Amino acid sequence: YPDPQDLLPFFVSAASSFRFFVDRASLAVGKDGVVRYTLVVRSPQGAESVSYEGIRCSARSYRLYATGGAGRNWSRRDAPWRDIEPRSVQRWHNALWAEYLCPGGFPIQTAAEGADALRRGGHPRARPGEGG
């Protein structure tokens, strides 16, 4: 479960009052090319949603593996792969795909590379506007 000191904020949209974070300690790049991470979404009132997800950069899709709940416990989900819609209202997957974890549509090579992109506010190879 994410430790607050490991949360790296990332920008999604000026239109959203929610704050978004990736747990640095959970960030991993699999041999299958999927970038996995724990996502934390915090409302303006402080309520949090926690999920463990993966992004398949080449297919521009994401998958939910588990959600966090009361008592800092995980509930397995194993949802199907879903397309990352370019102009979705819920656009955090767009931001993660285009700006941080899949620059140019290719997965980051290491977790450190992804953490660096999150700390810098974007990956140096990201193409502005590609996320829709």
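## Core, rings and bridges

User: Which residues of the largest nonpolar core touch the most other members?

Analyst: The largest nonpolar core has 25 residues, where a core is a set of buried Ala, Val, Leu, Ile, Met, Phe, Trp, Tyr and Cys residues joined through side-chain atoms within 4.5 Å. Keep in mind that this is a predicted model: local features need pLDDT of at least 70, side-chain atom pairs count only at pLDDT 80 or more, and totals for chains, interfaces and linings use all residues. Residues are numbered from 1 along each chain as its sequence is written, and side-chain values use heavy atoms, with hydrogens and water left out. The members that touch the most others are Phe-10, Leu-27, Tyr-37, Ile-55, Leu-96, Leu-101 and Leu-118.

User: Which element gives the most to this core?

Analyst: At least two core residues each come from strand 1, strand 2 (19-23), strand 4 (34-42), helix 1 (92-101) and helix 2 (111-120). These are DSSP runs numbered from the N terminus, helices being H or I with at least four residues and strands E with at least two. The biggest share is 7 residues, and it comes from helix 1.

User: What does Leu-96 touch, not counting residues up to four places away in sequence?

Analyst: Leu-96 is one of the core members that touch the most others. Contact here means heavy atoms within 4.5 Å. With the sequence neighbours set aside, the list for Leu-96 is Phe-10, Val-22, Tyr-37, Leu-39, Ile-55, Leu-101, Cys-102 and Leu-118.

User: Why is the disulfide of Cys-57 and Cys-102 left-handed rather than right-handed?

Analyst: This is the 1 disulfide that the structure holds. Its handedness is left because the torsion about the S-S bond of Cys-57 and Cys-102 is about -60°.

User: Is the pair of Tyr-1 and Trp-74 stacked, edge-to-face or tilted?

Analyst: The structure holds 5 aromatic pairs, and rings of Phe, Tyr and Trp (its six-membered ring) pair if their centres lie within 6.5 Å, with planes under 30 degrees apart counted as stacked, over 60 as edge-to-face and the rest as tilted. Tyr-1 lies in the segment before strand 1 (7-10) and Trp-74 in strand 7 (residues 73-76), so the pair ties together parts that are 73 residues apart in sequence. Both are partly exposed, Tyr-1 at 34% and Trp-74 at 35%. Their ring centres are 5.1 Å apart and their planes at 50°, so this pair is tilted.

User: Arg-60 lies over the face of which residue?

Analyst: A charge sits over a ring if NZ of Lys or CZ of Arg is within 6 Å of the ring centre and within 35 degrees of the ring normal. One such case is the charged end of Arg-56, 4.0 Å from the ring centre of Trp-81. For Arg-60, the distance to the ring centre is 4.1 Å, and the ring belongs to Trp-97.

User: What is the N to O distance between Arg-24 and Asp-6?

Analyst: There are 7 salt bridges in the structure, each a side-chain nitrogen of Lys or Arg within 4 Å of a carboxyl oxygen of Asp or Glu. Arg-24 lies in the loop between strand 2 and strand 3 (28-29) and Asp-6 in the segment before strand 1, so their bridge ties together parts 18 residues apart in sequence. Arg-24 is partly exposed at 37%, whereas Asp-6 is buried at 12%. The N to O distance for this pair is 2.4 Å.

User: Which residues are linked with Arg-63 in a network of salt bridges?

Analyst: Start from the bridge between Asp-78 and Arg-76, at 2.6 Å, N to O. Asp-78 is partly exposed at 32%, while Arg-76 is exposed at 68%. Arg-63 joins that network, and its partners there are Arg-76 and Asp-78.

Conventions:
Buried means under 20% relative accessible area, exposed over 50%, partly exposed in between (1.4 Å probe, protein chains only). A disulfide is a pair of cysteine sulfur atoms within 2.5 Å.
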